[in-house]
Amino acid sequence: MNVPALDSVDALLIVPALAGLVLAFLPGYRLAAGVNCVASGLAFLCACALLPHRPAPGAYLFVDDLNVVFVVLSTFVGFTTSAYSASYIGHEIATGKLNPAHVRFYHAMYQSMMFAMNLALLANNIGLMWVAVEFATLTTVLMVGIHRTPEALEAAWKYFILGSVGIALALFGTILVYMSAEPVLGEGSDAMVWTSLMQHAAAFSPRLLNVAFVFLMLGYGTKVGLAPMHAWLPDAHAEGPTPISAVLSGLLLNVALYAILRFKMLLAANAAAIAPGPLMIALGLASLIFAGFMLYRRDDIKRLFAYSSIEHMGIVTFAFGMGGPLANFAGLLHMTMHSLTKSAIFFAVGHVVQVKGTQKIADIRGLTESHPALGWALVAGVMAIAGLPPFGVFMSEFLVVSSTFARQPLLAIPLALGLLVAFGALLLRLVGLAFGEPSESAGEVEASVVPLYVHLALVLLAGLWLEPHVAAWFRNVAALLG
Amino acid sequence: MGTLAFDVAHLFAGGLVLVSFVLLYQDRMTGLINIFTLHAIVLSLSVAWQAYVQHAPHLYLTAAIAILFKAVVIPLGLRRIMVRLRIHRDIEVVGGVGATMLLGICLVALSLVVMLPATAAAAPLAREDLAFALSVVLLGLLMMVTRRNAISQVVGFMSLENGLILAATGAKGMPLVVEISVAFSVLIAFIVIGIFLFRIRERFDTVDIQELDRVRGGRR
């Protein structure tokens, strides 16, 4: 037993929970933003402490090779977003879009959300994980509606209703998993604990597991933003404060995907159950192609990148659905690259919207001339997300496509088509946004570009030279995913 | 004990499905709330019976929460909201009652077809319960899809949650954590929805979801 490491698991939950409580009562936005940032940074350090040694699994919390990837990634993006959010929120207060009470609420909710996401990732109990995902949904709903404009309320309402339905279906699936495990593991909490579920999965009733997976896939898939259930995602991204768009895309979608991956592993351990792959492949491809075409018709900049998130989560789900060491590796890498790149893009977009005073793509032109620091960062980010070399997204997309070609050449055709369609749409929009005669600016903003450049640098680094330790680590996790 | 336990559980779970059908065609706001109260009472009876049959005293707590919270507090709260918004006398146009009912019957058939073979190995009590629970969940979904009024959607969502609780209690020995969490999530969900309803009222003078759609339509 490693006592210090065990502490850092608990600390990952205690730090945001305490910070959330403190922030709920802390007046003054500068201090609050600072505390928010420090707490997120501490959580990231705790997550890094899990890398060298992992504690033994407990009754409620556990750490293994899979969830540590997600925990480190989400605490890192949580940390950089909190740093970005300080300047973003400062500008919102200065322009009167948010009042101090709202900001206090916002900071408290931000830490509550981090708490819920860490809990969902670390939970060793399928019931606890479900509760945590539900809690994370509620906190983000409240943050999406924070501007209280009719559009924001509509987005929050839609998100809330669709999210609740998704989460309800996931609970039904969770109950079914319990019922399939109960004859083997006996009544009580043992039949809900990941570690014991995974050990005995082979003996579970396969038919119940099959039905359960369909519900879990649809339920948590709603939260991932997969195509037929995606309707909440663009609205929530477009109307919420931009730091929230960044964490929604960078973190919350991943957390829901993590839940799906866990259940996929459970099904894979049972020989008689259906292969979960085809369902994931179908939903992933549908999301990719649908979002690819929808990108052409967007006139709102945040909505544009929200659809791009649907597209990329589709690619990731597709890769994990393909399975096997290479595709899983590609999926994991793509998920990481997407989180970093998309949050960087939202950091840039948030400030762009603040200086231009509009979210309409048609009214934003010539950013590289009027605001070079932001404009060129946006250019780099969009080029990265569109999948151009030398960025990391290119490498992961290349791996997804090549591993698909090797195993299912027919599936590679729609995959490549979807990628090209999305690529065209993003570059088309980028040219209008970044170049040409600059459009009018509404005001200046004290942009914090450090988080933005850190993310982009990491993505660029991953594209040029994937550090061998990280590569070995990801390969290891990919093998674990089966 | 065997057949009686089974029959009574069957009666309550079947009753819940029946009440779900009644919810589907309620066009008056007050009627809707009354039927939802009935829904919650039938649910708590069913949960209490499961507690008795399974010798699981903690399920009595779940039953108590269901009856106190869902049959008393929420209906009272919703009534207050409706009076404050002056919509308690409103009649909602529920399009195509016949078609909705037919769809509902299809959904019940679907859940039987899906659940009964899948649970072949489980105890008969749990099997039937699960099939009924899925029916209630799907009927709740159907209600949320067919209604345009925010309060009706909320009621649809809560009836869906009732189906989930029925499923959770039917699963033998499912840990308490989950039941309480379900109850809690409903509580939180309700608070959130309540806030939303008031805010929506501030902005629109109506709780009609179509109004929200128009807002967006105008912006595009």
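1. The model is predicted: local features need pLDDT of at least 70, side-chain atom pairs count only at pLDDT 80 or more, and totals for chains, interfaces and linings use all residues. Residues are numbered from 1 along each chain as its sequence is written, with chains lettered from A and ligands numbered from 1 in the order in which they are written.

2. Helix H12 (residues 301-322) of chain A packs against H16(A) at an angle of about 40°, and their axes are 11 Å apart. Axes are lines fitted to C-alpha atoms, for helices over the stretch in contact, and angles run from 0 to 180 degrees between N-to-C directions. Helices are DSSP runs (H or I, at least four residues), numbered from the N terminus.

3. On the H12(A) side, the contact is made by A:Ile315, A:Ala319 and A:Met322; H16(A) supplies A:Glu397, A:Val400, A:Ser403, A:Thr404 and A:Arg407. Contact requires C-beta atoms, placed from the backbone, within 7 Å.

4. A:Pro390 sits in the loop between helix H15 (372-386) and helix H16 (392-407) of chain A. The peptide bond from A:Pro389 to A:Pro390 is cis, with omega near 5°.

5. A:Ala132 is in contact with A:Ala116, A:Leu119, A:Ala120 and A:Ala123, leaving aside its neighbours within four places in sequence.

Key:
Two residues are in contact if their C-beta atoms, placed from the backbone, lie within 7 Å. Helices (H or I, at least four residues) and strands (E, at least two) are DSSP runs, numbered from the N terminus.
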